Amino acid sequence: MRSYAQKAHHHNININTGLPSNHVYMTMTDKYGYLWIATTKGVLQYNGYKLKLYSKADGMSNDDVWMLVEDKYDKIWLGSISNQLGYIWHDKYHVLLSKQIDKYFYPRMMTTTDSGIAFMQYSTEADKMNIQLYLVNNNKVKVYYHKDPGNDRHIRDVLTEKAEWYYLYNDKRLYQSDYVQKKLKYKCIVPELTRTNDSAYIFDNAVGGIYYYYYNLNGCVYFLNIENCSVDKFCPEYIKDEWLISVSVNNKYTIHVRTNKRIFVLDKQTHLLKEVMLLADLVSPGDIATAELVHCNAEPLWNKVVATSNKGMYLLYNNGWFVNRDTAGHFLNMQYIGSGARNTQVWWSKANKKLIFLDSAGKLLKLLPTTIYLARHAFPYSGKDTTVILTSDGYRYISHKDYVITRPFGNISKVKVDHGTDADTATHSASLHSFQYSRDEQILMIKGDTIYSRFQGTVSRRYCVKDTAYAYYFYHTNDKAATIDTASMQVYSYSSNSIRIVDLKSGIQKVLTKKELSELGIRNISRILIDERYGNIIIQCDAGLKLFNQRSGTFISLPVSVRSDMYAMEVQYGNIILASEYGVVFFRITGAGRVIGPYYAPNHKYSFYRYVEGTRVHVTNDYVYLNTDKGFFKVHVPDSTTYTAKRATFHRMLLKYNNNVFRFNNRDTIRVYQDNLFLQFDIINPGGIGTPQYYYRIDGVQDGWRKLNADELYLQDVPAGRYHNLELRTQDDVWQSGVVHLKLYIVPRWWQTTFGRVIIAISVLGGLIMLVWLVSRITKRIVDRNNARKNMQQEINSLRTAIELKSIHSQINPHFIFNTLSTGLYFIKKKRMEDAYEHITAFSELLRAYIKSSRDKYIMLVEEIDNLKRYVLLQQSRFESLFEFDVKVADDVNIYDTKIPALLLQPIIENAINHGLFHKESPGYLLLSFEKNADGALVCIIDDNGIGREQSRIINEETKHKTQSYGTDLIKELIEIFNKYEAVQIDIQYIDKILPETGTTVKVTIKHLDNDK
């Protein structure tokens, strides 16, 4: 296993970078991951991107805060000499208690308890000390009082999380006091401890002990076990001018003993561990001589946070990966262009027109000035001690014996070109020039003396024999770049949205189209590389890093916390390496379609450099070499055991909703209520750079990714009552999170549920039925009153009124209403709420249409067709789709400008269904058509393939109760009245079909239609 030095790298935050004061008392990480900073000029919350200040402007009476405590309700309590007792909660400062201006809270030993917080408050009266214990539970305060027995027994005390108070008298007796139960318990005599004015206690709840120390020169730390009163001590060997400052509980396993020069890390019994943090490890080199150490906080997310009294705060990152920064200036603006012979690294400076050759260990071999305008690629010439350089002016050979640059192909006089058909020999200058000069060429592979390359969209194989150059062109493509799998001899050429795979042995081609790649989440390809050992294809695209293996059929997404448009990618020695401003990311390839990782060597907040020169880096089995704006670095390549080690989380995603904060993970469900459709997101990223940006997409609501306005997502257009897939990702200037998949559910209001819609529909239907009944009653009264006033000579008007009454009675058929409601109740009983809702809604719409039609003698043909469709739809629901229905209108019939007698055709349709189709054993068919005859009359045809009138009559005679077809009589009466009193002439004809056909055709011919009626 490789061992790497864990040298710390620092990021200093001070008054020049956002702090209001360089005097930092302490730092603390809350349960969500926010870093809290207590200073002389306020309290700050930090998420890795921005510092949010709480001060007098937010209601605090004193900005000088020297202690922070978080209770179980997520409240951050402030320890400050102030006339207020307050806390920060939900991004606001709150005051719990206030005193008069000349009275102050001076919290001592503030600590968390099982129910909230506790602290001591001291005051002196008549040379006696009054002690108050404050217990705060969810904003409820209880105060307990105690008086010191006398000055001869002065108290040195400590408060525990259980609100127990331990104190040591001058005679070295240790007592335990329970203020709540008013009990005083003698523990023991502790001869090793002596009370002095420069001593202090700290209680550790994890081990049930007290740490007692003297903050002076050559101070010792004592651990007192309160169960058996045994004492362990730690007396370090101090260096010159070193004194003990404080002791703090770091976590449940270690404590920190801080001096002005270093921090000792001890176990809970004061045994020195191997880790000793020197001042040089904790602050920047320029601040070692003057920095005054105050506090050091260590936890997985933020690593180490160091507070000073004069230099602000330091974020420390353990990073021993970046080593050997070049200071000679040779690598200024140098770009890596490839590997040469003897396993050398080849670097190029366009500004200085220089080539630099390094050996495999990064040692400088040769700094070679040239006249080359642009060098783009370097390859070893197989079997020879020569490096091939591809320049903008053709190929160059460089011998590693004397580093002399020569131009190849100088003796060529002929070029033989094979396009896959007949060979062609050319000697003209254009062919020679295209062979020797390759401004846009991309070398894919050099195998022996043969060069495989891509030139002007053509993939070719070229080599020379004496004065003849041979070129074989495999295929031509408009793709932007290509790469080759030398093991399988397959070329992968690609554009932004397609991939072409060509087997150079067989010539077989396969194209992955934009649609196919999009289904795999691949869009805007920027680069493809091949892992030749296992045949893995690594694709760099907008969606991140994808790996595809044809042999195993595996397709996976590789999790990378780096923006996909910002890293250089290399695949070498079984590793995938990504290098960018964020640092270097490693994946270890373990088989076909199998990888482990990622492992990060982060460049936290530009600790080492701001950017990487060029688009490539050099990779060996042990190191990655890269050139940056701050010099030349080599980065350790991790071994397989490093990947399996537990690694800390680099960031946390948070959701703020309804004044609550949630730390969410992939596949979580978010329930949102319609009185608050705003979701607010936040990211905690200790290495964040710039400003985080949020992107989201919701399936079924939008297409593609959308950028949030700041950090809020408004869900106004998201339908309620069902689950939606919400995808969220975040990125800053260099970092990018993976895609988090969430389930989003907008809680519907009661009337938006299926049950609520059915209740509303039933209520509306009941109202409509009542309205129909009321209209019928009122209409009948009006008609009866008018008829009484009229005499027998007004026969025509009476008959017209009779037509309207007949129309109402013909439509509001009690049997039809009963059957329709029965069908609706059947759906509800079977819990088919959607079917019930649709059935009842259709019935209510038909009733409204019938009420409107019954008021007029004539109706537009388009309205009559709509009414009949609604009627037939209800009948189909009742009979479970026993028959099919269709309507046909001839081209010469204008349904929007033609009127027919109102409610004339419905009884005919009803007869066709009830007496013709109802008794048919197989599914039937009903056709309603409209056309014009030679005389211009409108012909309405109702055609069914039912059992026919004769068979229907026989069935009715055989039944015990004969069915009265009052519809046929009503049709006859309506036609007689219209023919007698109106200008139109209506003729009806019944046509019985002849076997083997069955059914009846009814033709209603309407002559002399006046469209102005």
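User: Quick one to start: does serine 453 count as buried or exposed?
Analyst: Buried, because its relative accessibility is 0%. Keep in mind that this is a predicted model.

User: Where is the place of serine 453?
Analyst: Serine 453 is in strand E41, residues 450-455.

User: And which residues is serine 453 in contact with?
Analyst: Leaving aside neighbours within four places in sequence, its contacts include Tyr395, Glu441, Leu444, Thr458 and Arg462. With arginine 462, the side chains make a polar contact of 3.5 Å.

User: Switching to helix H9. What should its 18 residues span?
Analyst: At 1.5 Å a residue, helix H9 (residues 861-878) should span 26 Å. Its end C-alpha atoms are 26 Å apart, so the two values agree.

User: Which residues of H9 are buried?
Analyst: Among them are Leu861, Ile865, Leu868, Tyr871 and Gln875.

User: Now the open sheet of 5 strands. What order has it?
Analyst: The order is E69-E71-E72-E74-E73, and the pairing is mixed.

User: Which strands stand at the edges?
Analyst: Strand E69 (883-889) and strand E73 (985-992). Each has a single partner strand, so one side of each lacks a neighbour in the sheet. On average, neighbouring strands of this sheet are turned by 10 degrees against each other, direction ignored.

User: How many bridges join E71 to E72?
Analyst: 7 bridges, with E71 (residues 924-932) and E72 (residues 938-944) running antiparallel. Serine 929 stands opposite isoleucine 941 in E72.

User: Which helix packs on the sheet?
Analyst: Helix H10, residues 906-917. H10 touches E69, E71, E72, E73 and E74, and its direction makes about 150 degrees with that of E71.

Notes:
Residues numbered from 1 in each chain as written. Predicted model: local features only at pLDDT ≥ 70, side-chain atom pairs only at ≥ 80, totals over all residues. Heavy atoms only, no water. Helix = DSSP H or I, 4+ residues; strand = E, 2+ residues; numbered from the N terminus. Buried < 20%, exposed > 50% of the residue type's maximum accessible area, 1.4 Å probe, protein only. Polar contact = N/O pair within 3.5 Å; in protein donor to acceptor, adjacent residues only side chain to side chain. Contact = heavy atoms within 4.5 Å. Expected span 1.5 Å × (residues − 1). Pairing = 2+ DSSP bridges. Axes fitted to C-alpha atoms, helices over the stretch in contact; angles between N-to-C directions.
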